[in-house]
Amino acid sequence: MVQKTELSISLFASGYCQAHERIVDPLNGKGRCKFHAVWALIFAPKIGYILFDTGYSNEFNKATKTFPERFYRWATPVYLNEQYTVKNTLHAKGIFPDDIKYIILSHFHADHIAGLKDFPNTPIICSKKAHDEVKNIHGIKAISKGILHNLLPVNYERNLLFIEDIADKRFVNQYGLEEFYLLGLNEFKLVSLPGHARGMLGFIYHSSTEHILFATDASWRYDTYKQNVLPKKVVKLFFDSWDDFVDTLQKIRCYELDNENVKILFTHCPKTLMLTHHAF
Ligand SMILES: [Zn+2]
């Protein structure tokens, strides 16, 4: 077997939810659109496999069986082929839960953490700000912020590693985005993207051949981001901060303007879905 010597990243999708397209694109949206739950499998030669987010799993249906959590399912009905959950996708590749060395969570919305219970012992890297909110918010308020506590494994807190504590180096780049180097990696770093959810993270992957800013839910679509079309203001109800959301988008634009070859990817964008099963 050929030993891989470079960090590589592959994207996959586990299920999707649907919503009115007008929410995403108030100018041109029609009918309903899909929000695919994309996650990434990272292979770092000196570490092994790392997951970035975990997509939907059947745990979402279990966690939203009763009220008030059922409201979440009504608001965003989920479609999932069991074959494509993160666990089954990895299994088909001969990768088992114990092979995953870390799970990085961009934020705690259900479509990013629903696969977590399949990895009950894996260290979880997230932002302390994001987790502080999860700890301190309950009931309907939590649901309205996209947080379902039942998706979190028992005793998951003992597995938590906060990026603010473990970063090798952190600094604010020239575009105003805070970057975190971690785990001794050079070509992969996390980036803070506040607004959509408290303490939300994305990643920057910059190798000799690829430059990607995976900006998670900083926007839902590359097209609307490019045209400066903001989502319908009703989303303010579950966003953490509208001002930070707009500010983060502006910083990503500056980053893109200055880095000609960068690919800006968003978790739920149809363009990102087209890159699933493709290794960078
Ligand atoms: Zn989200």
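Isoleucine 9 has isoleucine 42 of strand 2 as its bridge partner. The model in which this pair occurs is predicted. Strand 1 (residues 8-20) and strand 2 run antiparallel and are joined by 11 bridges.

Strand 2 (residues 32-44) also pairs on with strand 3 (residues 48-52), again in antiparallel fashion, through five bridges. Within this pairing, alanine 44 lies opposite glycine 48 of strand 3. Three residues separate strand 2 from strand 3, and the two strands form a hairpin. Strand 2 is mostly covered, with 11 of its 13 residues buried.

| Strands joined | Bridges | Direction |
|---|---|---|
| Strand 1 and strand 2 | 11 bridges | antiparallel |
| Strand 2 and strand 3 | five bridges | antiparallel |
| Strand 10 and strand 11 | five bridges | antiparallel |

A further part of the model is an open sheet of six strands, arranged in the order 8-9-10-11-12-13 with mixed pairing. Strand 8 (169-172) and strand 13 are the edge strands; each has a single partner strand, so one side of each is left without a neighbour in the sheet. On average, neighbouring strands of this sheet are turned by 20 degrees against each other, direction ignored. Inside the sheet, strand 10 (residues 188-192) is joined to strand 11 by five bridges. Valine 191 stands opposite glycine 202, a residue of strand 11.

Helix 10 packs on this sheet and touches strand 9, strand 11, strand 12 and strand 13. The direction of helix 10 makes about 175 degrees with that of strand 12.

Which residues of helix 10 are buried? They are Trp242, Phe245, Thr248, Leu249, Ile252, Arg253, Tyr255 and Glu256. These residues cover an arc of only 160 degrees around the axis, which puts them on the same side of helix 10. The face turned away from that buried side carries the exposed residues Asp243 and Leu257. The cover over the buried residues of helix 10 includes strand 9 (178-181), strand 11 (201-206), strand 12 (211-214) and strand 13 (263-265), together with helix 9 (222-226).

The length of helix 10 (residues 242-258) can be checked against its residue count. At 1.5 Å a residue, its 17 residues should span 24 Å, and the end C-alpha atoms are 25 Å apart, which agrees.

Key:
Residues are numbered from 1 along each chain as its sequence is written. This is a predicted model: local features need pLDDT of at least 70, side-chain atom pairs count only at pLDDT 80 or more; totals for chains, interfaces and linings use all residues. Side-chain values use heavy atoms; hydrogens and water are left out. Helices (H or I, at least four residues) and strands (E, at least two) are DSSP runs, numbered from the N terminus. The expected span of a helix is 1.5 Å times one less than its number of residues. Buried means under 20% relative accessible area, exposed over 50%, partly exposed in between (1.4 Å probe, protein chains only). The arc is that of the directions from the helix axis to the C-beta atoms. Contact means heavy atoms within 4.5 Å. Two strands pair if DSSP finds at least two bridges between them. Axes are lines fitted to C-alpha atoms, for helices over the stretch in contact, and angles run from 0 to 180 degrees between N-to-C directions.
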